[in-house]
Amino acid sequence: MKKLFSLLLVLAVALSSAGAMGEALPAPTLFTPGTYEAEAQGFGGMVQVSVTVAENEITDVAIKGDLETPALGGVAVETMGEAIVKAQTPNVDGVSGATVTSSAIIAAATQALEAAGADIAVLDEFRRDTEENTVREDKTLDTDIVIIGAGGAGMAAAIMVQQAGKDFVLLEKMPYVGGNTTKATGGMNAAETHYQKEQGIEDSVELFAADTMKGGHDLNDPALVQTLAEQSAGAIEWLDSIGADLPKISFSGGASTNRIHAPADGSAVGNYLVDKFSAKLKELGVEIMLNTKATELIMEDGKIAGVKAESQEANYTIRCKAVILATGGFGANLDMIASYRPDLQGTVTTNAPGATGDGIVMAQAVGAALVDIEQIQLHPTVEQTTSMLITESVRGDGAILVNQKGERFTNELLTRDAVSAAELAQEGQYAYIIFDQNLRNNLKAVEKYVTNGLTVQGDTIEELAGKLNIEPEVLAKTLADWNEAVAQQNDAQFGRTTGMNANLTMAPFYAIQIAPGIHHTMGGVKIDTSAEVISTEGNVIPGLFAAGEVTGGVHGGNRLGGNAVADIVIFGRIAADSAVAYCGK
Ligand code: ADP
């Protein structure tokens with residue numbers, strides 16, 4: 001009200017001064033009505049913004065950005081127009097995780113509005129979506145089950161609960177679904193699957209369990225690992241049944257045989273599953289409550305009785321019999337990381353912005369025990385200025401790592417913890433990943449690194465070295481030695497045996513400066529094999545279930561590639577079954 005009054009005052013002053021000069025009084029206007037267009041560079045290409053204004057009102061904002069990543073930048077393209085109209089200024093909050101697209105939209109909208117004659121500072125001053133102008137309603141809902149988090153585990157659970165005919169609510173605090181699951185590139189580990197049998201691959205539940213324990217340095221909960229392995233083939237069949245087949249099997253680090261299952265066309269498993277799960281939920285008529293954050297679990301008589309949540313419009317009290325926590329890990333909460341692992345203070349993260357450990361904090365508040373909470377996986381190849389993960393496939397396809405001296409320092413395909421530790425032991429605690437045009441030609445992911453300006457390029461190895469401030473002769477010798485090792489299929493220096501199918505001889509040559517980044521939080525809420533949450537006293541907390549990265553125990557001290565997706569699908573399903581059975585009691 002006060003602001004409206006001051007706006008009128010500003011306009012009145014403008015009018016009276018015009019009047020004092022003896023001119024006819026113009027109508028007060030903020031804009032010259034019309035439609036104005038501008039564009040700015042987004043993540044994948046140009047983003048076009050078309051703004052329509054009346055004299056004192058932004059009436060419509062249309063955004064076009066077909067080349068933006070659908071799950072992130074695409075969300076900004078879809079939602080920020082409405083936000084600008086609501087706020088009546090271009091300076092609205094961007095979509096977290098889609099900074100480049102969001103900034104492009106704001107820049108283009110600003111330009112278009114300035115062309116319409118707007119003074120952006122005035123628009124900012126009188127923005128209409130401020131906290132003081134927002135009234136949140138109190139709302140109470142009643143349901144059987146609340147699923148918190150619409151990442152892989154939450155969406156798998158939601159499909160199961162819907163198919164079981166229970167009433168439920170699915171909460172997601174971000175404006176988009178998918179969480180860290182969208183970041184999974186490899187596939188899903190599973191043993192004794194029909195695909196393995198059809199492709200003549202011998203494997204067993206016992207071998208899968210043993211590999212997982214060994215990979216996790218035997219810190220894992222053996223009962224959870226056994227359940228993971230036993231239920232993996234059934235989970236693959238369930239994925240088939242909802243149209244999310246993973247028939248392409250290959251080898252992944254730490255497995256004794258070909259066990260990682262991926263989409264037929266080899267595309268990244270995370271986005272594939274998130275798309276398939278979203279489509280299935282849509283087909284089943286499930287509405288996901290986006291932009292709605294769970295803040296507290298309600299307990300009554302020692303049992304779960306509800307969830308408190310909030311959105312821009314409402315404070316919710318959701319009464320329910322059971323809760324499935326599927327809130328993911330805490331890899332994007334750097335304060336929480338530092339509190340459990342002071343040595344990781346300041347490390348960049350590859351995580352989706354919603355991975356802030358909310359579920360862990362909420363569960364602890366109702367007495368849940370935590371396991372292995374300090375076990376945090378670093379990914380060794382993260383570009384530090386953008387936090388972009390340089391996929392393992394680059395090394396798998398033949399890239400090497402060199403330090404600032406231009407020398408190799410490790411077998412580049414050891415486990416993630418070992419390669420990360422080797423990098424941190426180098427001067428400056430970083431390294432360069434080096435590859436050639438042939439590798440770029442054969443690996444689609446590399447284009448993204450080039451278009452985002454992450455690569456340094458040279459027509460010769462010496463030219464590349466010069467740009468990296470490395471002694472040219474040293475880098476040239478490192479490459480020559482490596483190419484000889486590939487020719488001989490013998491890496492005498494570091495004993496590398498994989499990712500040696502192609503040498504690095506085709507110009508131009510490329511380098512990306514990388515260092516370790518936080519990738520996966522392996523610890524979390526303690527669960528049993530029925531996904532029931534266990535209290536610090538060792539008892540089941542009635543009505544509370546958890547699945548996915550929010551839990552601890554499955555991965556122990558080191559997660560194998562392919563086991564995060566197995567975890568979310570398998571335990572997401574188990575949590576749903578258990579919650580449905582609990583509600584039936
Ligand atoms: P998982 O792999 O275990 O399924 P993901 O990271 O894929 O984990 O998904 C977790 C999801 O939970 C993310 O989409 C995240 O935004 C969401 N989330 C996290 N905390 C909350 C919360 N307090 N309320 C609602 N959703 C949440």
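**Notebook: ligand site, salt bridges and backbone**

**Entry 1. The ligand**

I began at the ligand, where one of its oxygen atoms lies 2.8 Å from a backbone N or O atom of Asn180. I count this as a polar contact, that is, a pair of N or O atoms within 3.5 Å; within protein, one atom must be able to donate a hydrogen and the other to accept it, and residues adjacent in sequence count only if both atoms are side-chain atoms. The model is predicted, so I note that local features need pLDDT of at least 70 and side-chain atom pairs pLDDT 80 or more, whereas totals for chains, interfaces and linings use all residues. Residues are numbered from 1 along each chain as its sequence is written, and side-chain values use heavy atoms, with hydrogens and water left out.

I then looked up two further contacts. A polar backbone atom of Glu549 is 2.8 Å from a ligand oxygen. Asp358 uses its side chain instead: one of its polar atoms lies 2.9 Å from a nitrogen atom of the ligand.

How much of the ligand does the protein bury? Taken alone, the ligand exposes 580 Å², and the protein buries 98% of that (Shrake-Rupley method, 1.4 Å probe; for residues, only the protein chains shown count as cover).

Which elements give two or more residues to the shell around the ligand? I found α5 (152–163), β11 (293–300) and α12 (358–365). Helices (H or I, at least four residues) and strands (E, at least two) are DSSP runs numbered from the N terminus.

The ligand is surrounded by 26 residues, of which Glu172, Asn180, Thr181, Asp358 and Glu549 are the closest; a residue is near the ligand if one of its heavy atoms lies within 4 Å of it. I sorted the shell by class and recorded 9 nonpolar, 12 polar and 5 charged residues. In this scheme Ala, Val, Leu, Ile, Met, Phe, Trp, Tyr, Cys and Pro are nonpolar, Asp, Glu, Lys and Arg are charged, and the others, Gly among them, are polar.

**Entry 2. Domains**

I read the domain assignment of the chain as domain 1 (32–125), domain 2 (138–186 + 275–375 + 522–583) and domain 3 (377–517). Such bounds come from an automatic or database assignment. The C-alpha centres of domain 1 and domain 3 are 39 Å apart.

**Entry 3. Salt bridges**

Side chains of opposite charge can pair when their charged atoms come close. I took a salt bridge as a side-chain nitrogen of Lys or Arg within 4 Å of a carboxyl oxygen of Asp or Glu. The count by this rule is 16.

I looked up Asp491 and Arg408, whose side chains meet in a salt bridge at 3.0 Å, N to O. Asp491 lies in the loop between α18 (472–488) and β21 (509–521) and Arg408 in the loop between β18 (400–402) and α14 (416–424), so this pair ties together parts that are 83 residues apart in sequence. Are the two partners buried or exposed? Asp491 is buried at 5% relative accessibility, and Arg408 is buried at 7%. Here buried means under 20% relative accessible area, exposed over 50%, and partly exposed in between (1.4 Å probe, protein chains only).

Next I looked up Lys280 and Glu283, with their closest N and O atoms 3.1 Å apart in a salt bridge. The two are 3 residues apart in helix α10 (residues 269–283), and therefore about one helical turn separates them. Lys280 is buried at 12%, whereas Glu283 is exposed at 59%.

Glu447 is partly exposed at 34%, and Arg440 is buried at 19%. I also noted one network, in which salt bridges with shared partners join Arg408, Glu412, Asp491 and Arg496.

**Entry 4. Backbone and one side chain**

Most residues other than glycine have a negative phi, and most peptide bonds are trans. I recorded a cis peptide bond from Ala507 to Pro508, with omega near -5°. Pro508 lies in the loop between α18 and β21.

Gln88 has a positive phi, near 60°, and sits in the loop between α2 (73–87) and α3 (99–115); this residue is buried at 6%. Asn469 also has a positive phi, of about 60°. Its place is the loop between α17 (461–467) and α18, where Asn469 is exposed at 67%.

Finally, I looked up Thr381 in strand β16 (residues 376–383). Thr381 is buried at 0%, and a polar atom of its side chain lies 2.7 Å from the backbone oxygen of Ile390.
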